[in-house]
Amino acid sequence: MKASIVVFSQTGHTIFFARAVAEHLGKVGYDVDIELLRTRKFARPHARDIELRKIPDPSQYDVIVVGGPVWGFEVNPVTAAYLDSIETLKGKRAAAIATHALPKALGCTRALRRLTGKLEALGAQVAHTEGLHWLFSVNRRRMEEAAKRIAERLSPITGSPPAPK
Ligand SMILES: Cc1cc2nc3c(=O)[nH]c(=O)nc-3n(C[C@H](O)[C@H](O)[C@H](O)COP(=O)(O)O)c2cc1C
């Protein structure tokens, strides 16, 4: 079983979280690849002209985890542009992750809801979402717990059944 983690990360927090998620997905039996989204021009909050350097292909994976930072009380436009660029996630299980600096209600909940909506619109079955607070540093115990919850929900053994093809 293969898992893809696709994240945007400007200052490294989300990629750090993604690595923890990858480690836990590995423990429940997945081969995991992490892809970092990169843009041609410097990305800004709410930008509508995002051009991705590469669009990671999700077709070979059983599950996909997508995420990035909260920007301007919303999902950052790079992660959103990735999901707008792919054709289908039918038959895949998914999770969404976000990192944020402000209290969770101020944008993170909305960002995760937006990501969930986009994933579901592509046909994925969203098993879980996690927001991780990161201001100057991260609480590593909370990060590990969040990563473990994602892996448990996406686990081929204990997680929810696969989405219909
Ligand atoms: C342009 C910009 C806008 C941001 N807007 C928000 C926000 O609305 N709410 C919030 O909680 N954090 C906000 N942040 C903080 C980031 O979400 C937080 O630092 C995140 O962990 C960064 O992730 P990264 O290191 O993966 O890029 C913003 C950061 C930047 C650079």
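# Briefing: fold, strands and ligand shell

Phe73 has 16 other C-beta atoms within 10 Å, so it is partly exposed. Its place is the loop between S3 and strand S4 (74-75). The model is predicted. The protein has 4 helices and 7 strands, and 19 residues surround the ligand.

**Overall build**

- From the N terminus on, the elements of the protein follow the order β-α-β-β-β-α-β-α-β-β-α.
- The radius of gyration of the protein is 14 Å, which agrees with the value near 15 Å that a compact globule of 165 residues would have.
- Along the principal axes, the C-alpha atoms of the protein fill a box of roughly 40 × 35 × 25 Å.
- Of the 165 residues in the protein, 44% are buried.
- Take the contacts in the protein with a separation of 6 or more: 75% of them link residues 24 or more positions apart.

**Ligand shell**

- The closest of the 19 residues around the ligand are Ser9, Thr14, Pro69, His100 and Leu102.
- Three elements each supply at least two residues of this shell: helix H1 (13-27), strand S3 (63-71) and strand S5 (93-100).
- S3 gives the largest share of the shell, with 3 residues.
- Which classes of residue make up the shell around the ligand? There are 9 nonpolar and 10 polar residues, and no charged ones.
- His100 is among the closest residues to the ligand, and His100 is also one of the buried residues of S5.

**Strand S1 and its partners**

- Strand S1 (residues 2-7) is mostly covered, with 5 of its 6 residues buried.
- S1 pairs with strand S2 (residues 31-36) in the parallel sense, over 6 bridges.
- Between S1 and S2, the chain passes through H1, and this β-α-β crossover is right-handed.
- S1 also runs parallel to S3, and 5 bridges join the two.

- S5 is largely enclosed by the rest of the structure, because 8 of its 8 residues are buried.
- Arg93, Ala95, Ile97 and Thr99 point one way from S5, and every one of them is buried.
- Ala94, Ala96, Ala98 and His100 point the other way from S5, and these are buried as well.
- S5 pairs with S3 in the parallel sense over 7 bridges.
- S5 also pairs with S6 in the parallel sense, here over 8 bridges.
- Ala94 takes part on both sides: Ala94 in S5 is the bridge partner of Ile64, and Val126 in S6 is the bridge partner of Ala94.
- Together, S5, helix H3 (residues 108-121) and S6 form a right-handed β-α-β unit.

**Leu52 in the S2–S3 loop**

- Leu52 belongs to the loop between S2 and S3.
- Is Leu52 buried or partly exposed? Leu52 is partly exposed, because it has 17 other C-beta atoms within 10 Å, while a buried residue needs 20 or more.
- Leu52 and Arg38 are 14 residues apart along the chain, yet their C-alpha atoms are separated by 5.8 Å.
- Not counting residues up to four places away in sequence, Leu52 touches Leu37, Thr39, Ala81, Tyr82 and Ser85.

- Most residues other than glycine have a negative phi.
- Phe73 has a positive phi, near 65 degrees, and is not a glycine.
- Phe136 also has a positive phi, near 70 degrees, in a residue other than glycine.
- Phe136 sits in the loop between strand S6 (125-135) and strand S7 (137-138).
- How many C-beta neighbours does Phe136 have inside 10 Å? The count is 5, so Phe136 is exposed.
- Phe73, by contrast, is partly exposed, because 16 other C-beta atoms lie within 10 Å.

Methods
Residues are numbered from 1 along each chain as its sequence is written. This is a predicted model: local features need pLDDT of at least 70, side-chain atom pairs count only at pLDDT 80 or more; totals for chains, interfaces and linings use all residues. A residue is near a molecule or strand if its C-beta atom, placed from the backbone, lies within 6 Å of it. Ala, Val, Leu, Ile, Met, Phe, Trp, Tyr, Cys and Pro count as nonpolar, Asp, Glu, Lys and Arg as charged, and the others, Gly among them, as polar. The radius of gyration is taken over C-alpha atoms; the globule rule is 2.2 Å times the number of residues to the power 0.38. A residue is buried if 20 or more other C-beta atoms lie within 10 Å of its own, exposed if 12 or fewer, and partly exposed in between; C-beta atoms are placed from the backbone. Two residues are in contact if their C-beta atoms, placed from the backbone, lie within 7 Å. Two strands pair if DSSP finds at least two bridges between them. A crossover is right-handed if, with the strands pointing away from the viewer, the path from the first strand over the helix to the second runs clockwise.
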